[in-house]
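Me: I have a model open and want to work through it by question and answer. Shall we start with the surface?

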Amino acid sequence: MLVTIMNIMITILLVSLINLIYFMMKNKTINLREKYSTFECGMDLMTSLRLPFSLHFYFISIVFLIFDVELMLILPFAFCFKLFNMLNMFVMIYMLMLTLILGFFYEWWTGLLDWMM
């Protein structure tokens, strides 16, 4: 019981000491307008920074990540051919590839893969 209380006290002391050192060492920053404004070659901005961004690029990146992760799921099958029954392996690979192909056709059908929007 005494050892547990000592451990809790040492932990509280160390956390307090680390926080105290952090607050003593951190830089005192002053909120200046020039400091937080954008820098464009030392000149005033000529255009707005809020340019319209097409969501199509976002969808393409998400599609890439989905297919990339699904393709990474195929790699363990190469190592497991000797561990499992061949028929079970082919059924699992077939289901995974069917999911990939159906996902690809769905994205194609909805127009996510069209670059001319």
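Reply: First, a definition. Patches are made of residues with over 30% relative accessible area and no salt bridge, and nonpolar side chains are joined within 5 Å. Also keep in mind that this is a predicted model.

Me: What is the area of the nonpolar surface patch that includes M24?
Reply: M24 is found in helix 1, residues 2-25. M24 is exposed, because its relative accessible area is 63% and exposed means over 50%. Other members of the patch include L2, I10, L17 and M25. The patch area is about 970 Å².

Me: Which pattern does the protein chain follow along the sequence?
Reply: The protein chain has five helices. It has zero strands. Read along the sequence, the pattern is α-α-α-α-α.

Me: What share of the residues of the protein chain count as buried?
Reply: Buried means under 20% relative accessible area. The accessible surface of the protein chain comes to about 11,300 Å². Carbon and sulfur atoms hold 75% of that surface. Of the 117 residues, the buried share is 9%.

Me: What share of the contacts with a separation of 6 or more comes from residues 24 or more positions apart?
Reply: Contact means heavy atoms within 4.5 Å. Count the contacts in the protein chain with a separation of 6 or more, and the share from residues 24 or more positions apart is 58%.

Me: How far does helix 3 reach from its first C-alpha to its last?
Reply: Helix 3 spans residues 55-72, which makes 18 residues. At 1.5 Å a residue, 26 Å is expected. The reach is close to that, at 26 Å.

Me: Around the axis of helix 3, what arc do the buried residues cover?
Reply: The buried residues in helix 3 are H56, I60, V63, F67 and E70. They lie on the same side of helix 3, because their arc is so limited. On the other side, L55 and V69 are exposed.

Me: Is E107 buried or exposed?
Reply: The cut-off for buried is under 20% relative accessible area. E107 has 10% relative accessibility, so it counts as buried.

Me: Which helix is included in what covers the buried residues of helix 3?
Reply: V63 and F67 are among the buried residues of helix 3. E107 is in contact with V63 and F67, and also with L112 and L113, leaving aside its neighbours within four places in sequence. E107 has its place in residues 86-110, which form helix 5. The cover of the buried residues of helix 3 includes helix 5.

Terms used:
Residues are numbered from 1 along each chain as its sequence is written. This is a predicted model: local features need pLDDT of at least 70, side-chain atom pairs count only at pLDDT 80 or more; totals for chains, interfaces and linings use all residues. Side-chain values use heavy atoms; hydrogens and water are left out. Helices (H or I, at least four residues) and strands (E, at least two) are DSSP runs, numbered from the N terminus. Buried means under 20% relative accessible area, exposed over 50%, partly exposed in between (1.4 Å probe, protein chains only). Accessible areas come from the Shrake-Rupley method with a 1.4 Å probe; for residues, only the protein chains shown count as cover. The expected span of a helix is 1.5 Å times one less than its number of residues. The arc is that of the directions from the helix axis to the C-beta atoms. Patches are made of residues with over 30% relative accessible area and no salt bridge: like charges are joined within 9 Å, nonpolar side chains (Val, Leu, Ile, Met, Phe, Trp, Tyr) within 5 Å. A salt bridge is a side-chain nitrogen of Lys or Arg within 4 Å of a carboxyl oxygen of Asp or Glu.
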